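This briefing is meant for a reader who is meeting the structure for the first time. It takes up helix packing and then turns to a pocket.

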Amino acid sequence: MASTETLKRPASGFRISRKMLPYVLSLPALLVCIGILIPFFTAVIYSFQRYRLSQPWARQFNWGENYLNFFTDPAFWNTLKVSLLYAGLTVTLELLLGLGIALLLQRRSAVNNFISIMLLLPLMIAPALAALMWKLMTNPSFGILSYLASLIGLHDFRWASSPDTALLTVVLVDIWVYTPFIMILLLAGLRSLPTQPFEAAALDGVPRSFVFFRITLPMLTPYILTATLFRLLDSIQQFDIIYAMTQGGPGNTLTVFQVEAYLNFFQSTNVGRSAALLIILWAITYTLSNVFIKNWLRLRERARGEA
């Protein structure tokens, strides 16, 4: 009898009331948010200071002098130009290649599924390791890519060691690593599109070019915007590939925002300028993300209205 009562007795322990449950469940997200905001506001404070690690006694607020100096600093405008050029080239080429590969693999089959899985392998490699691998392959003395280039007449091709070809080399590495990301997003979008419009177009004998530009592309636009947003925000903040291959060189050829901020902090020990560069980078990414999200929401509302 005692054992039966013991089994029926409710287990004692810590219980959360129904009113408190939403707050408890949102606590991890709140902690993550706090963990992000503390370094962010710390960087904002540093960006308004004249602060060098080599001269801690001279630390003081300069109230925006770091930002004002950028307007007359050719190095800053070069950083802005290189960052936007790098982001524009990588995102455009990766989007075209990813869309082309996704269209080729759109049909569901065992072969296409296997190929899509194999194409994801570069995405599983850390970008810094991928850059070091490409640095070895493009070595002018013993690199396999340098050897292949010599077979087609490009002898002593300097790759990342020349200011004329450094950007091209790093863009190639970025394309190799991140094109599978765009490909898999667009492939998922293509395979989720409704089949009725395509079946009707096939019955009417509509040309493939018309189907692509008037049916496939408009319906795929939200997926394209999503993939472009993710890659644009990532590429404009690129550090791993560029620093691992060139450390921002030769010269200032590839001094994008992240590399320039890193060099200012660890080589020049200029904390104020480094923080100001990162805050400007945050403002650019914030603006770009808002533009893309507003366009995405507008497309979604239009789709709902047409439905």
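Which residues in H7 meet which residues in H9? In this predicted model, Pro127, Ala130, Ala131, Met133 and Trp134 in H7 meet Leu172, Val173, Trp176, Val177 and Tyr178 in H9. By class, this contact of H7 with H9 has 10 nonpolar residues, with no polar and no charged ones.

**Packing of H7 and H9**
- Helix H7, which covers residues 127–137, packs with helix H9, residues 166–191, at an angle of about 135 degrees, and their axes are 10 Å apart.
- That angle makes H7 oblique to H9, and H7 passes H9 in a right-handed crossing.

**Packing of H10 and H11**
- The axes of H10 and H11 cross at roughly 175 degrees and come within 11 Å, and the two helices are therefore roughly antiparallel to each other.
- On the H10 side the contact is made by Pro197, Phe198 and Ala201, while H11 contributes Val211, Ile215, Thr216 and Met219.
- The residues of the contact of H10 with H11 divide into six nonpolar, one polar and no charged.

**The largest pocket**
- The largest pocket has a volume of about 710 Å³, and its lining is made up of 19 residues, of which Gln106, Arg107, Phe198, Arg208 and Val211 lie nearest its centre.
- At least two residues of this lining are supplied by each of helix H5 (74–104), H9, helix H10 (196–204) and helix H11 (208–235).
- By class, the lining of the largest pocket has 12 nonpolar, three polar and four charged residues.

How values were computed. Residues numbered from 1 in each chain as written. Predicted model: local features only at pLDDT ≥ 70, side-chain atom pairs only at ≥ 80, totals over all residues. Heavy atoms only, no water. Axes fitted to C-alpha atoms, helices over the stretch in contact; angles between N-to-C directions. Helix = DSSP H or I, 4+ residues; strand = E, 2+ residues; numbered from the N terminus. Parallel < 35°, antiparallel > 145°, perpendicular 65-115°, else oblique. Left-handed = near helix turned anticlockwise from the far one by under 90°. Contact = heavy atoms within 4.5 Å. Nonpolar A, V, L, I, M, F, W, Y, C, P; charged D, E, K, R; others polar. 1 Å grid on protein atoms, 1.4 Å probe; cavity = no way out; pocket = protein on both sides within 12 Å on 5 of 7 lines; lining within 4 Å. Points joined across faces, edges and corners; volume = space filled by probe spheres on them.
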